[in-house]
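Okay, thanks everyone, let's get going.

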Amino acid sequence: MDSFGSDFSSGAGSGKMDTGSIMEQVKVQIAVANAQELLQRMTDKCFKKCIGKPGGTLDNSEQKCIAMCMDRYMDAWNTVSRAYNSRLQKERARI
């Protein structure tokens with residue numbers, strides 16, 4: 001975050017803000033935040049579903065459950081993302 005703040009403030013101080021660069025930084029930060037949220041949600045849901053008694057290691061059935069849960073979660077995420085992007089493109093085409 002420091003690099004973003006310092007880039008922004010230095011651009012503002014010189015009177016020239018590169019809005020394209022700032023927008024690109026914001027897009028990258030949003031993408032990183034979305035990926036972190038996806039990973040956190042997937043971890044929470046799959047842990048609750050697959051781990052009965054937390055311990056030092058995962059047994060074979062827990063490992064398989066976690067792998068399958070994460071695969072299904074990612075498949076569902078990708079399906080929803082494609083549908084959402086398709087809907088956005090159709091809406092933009094109408095405008």
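**A walk through the helices**

So, reading along the sequence, the pattern is α-α-α. That's three helices and zero strands, where helices (H or I, at least four residues) and strands (E, at least two) are DSSP runs numbered from the N terminus.

Quick housekeeping. This is a predicted model, so local features need pLDDT of at least 70 and side-chain atom pairs count only at pLDDT 80 or more, while totals for chains, interfaces and linings use all residues. Residues are numbered from 1 along each chain as its sequence is written, and side-chain values use heavy atoms, with hydrogens and water left out.

Overall numbers next. The protein has 95 residues, and 13% of them are buried; buried means under 20% relative accessible area, exposed over 50%, partly exposed in between, with a 1.4 Å probe and protein chains only. The accessible surface is about 7,900 Å², with 58% belonging to carbon and sulfur atoms; that's Shrake-Rupley with a 1.4 Å probe, and for residues only the protein chains shown count as cover. Of the contacts (heavy atoms within 4.5 Å) with a separation of 6 or more, 33% are between residues 24 or more positions apart.

Now to H2, residues 19-50. Its 32 residues reach 46 Å from first C-alpha to last, close to the 46 Å expected at 1.5 Å a residue; the expected span is 1.5 Å times one less than the number of residues. The buried residues in H2 are Ile 22, Leu 38, Met 42, Cys 46 and Cys 50.

Over to H3. Buried here we have Glu 62, Cys 65, Ile 66, Cys 69 and Tyr 73. And what do the buried residues of H3 pack against? They pack against H2.

How do H2 and H3 sit relative to each other? The angle is about 140 degrees, and the axes are 9 Å apart. Axes here are lines fitted to C-alpha atoms, for helices over the stretch in contact, and angles run from 0 to 180 degrees between N-to-C directions. The two helices are therefore oblique to each other, because under 35 degrees counts as roughly parallel, over 145 as roughly antiparallel, 65 to 115 as roughly perpendicular and the rest as oblique. On the H2 side the contact includes Leu 38, Met 42 and Cys 46, and on the H3 side Cys 65, Cys 69 and Met 74 are among the residues involved.

Let's zoom in on Met 74, in H3. Met 74 has 29% relative accessibility, so it counts as partly exposed. Leaving out residues up to four places away in sequence, Met 74 touches Leu 38 and Met 42. Met 74 and Met 42 are 32 residues apart in sequence, yet 8.3 Å apart C-alpha to C-alpha.

Last one: Gln 63, also found in H3. Gln 63 is partly exposed, at 43% relative accessible area. Its C-alpha is 9.2 Å from that of Ile 51, twelve residues away along the chain.
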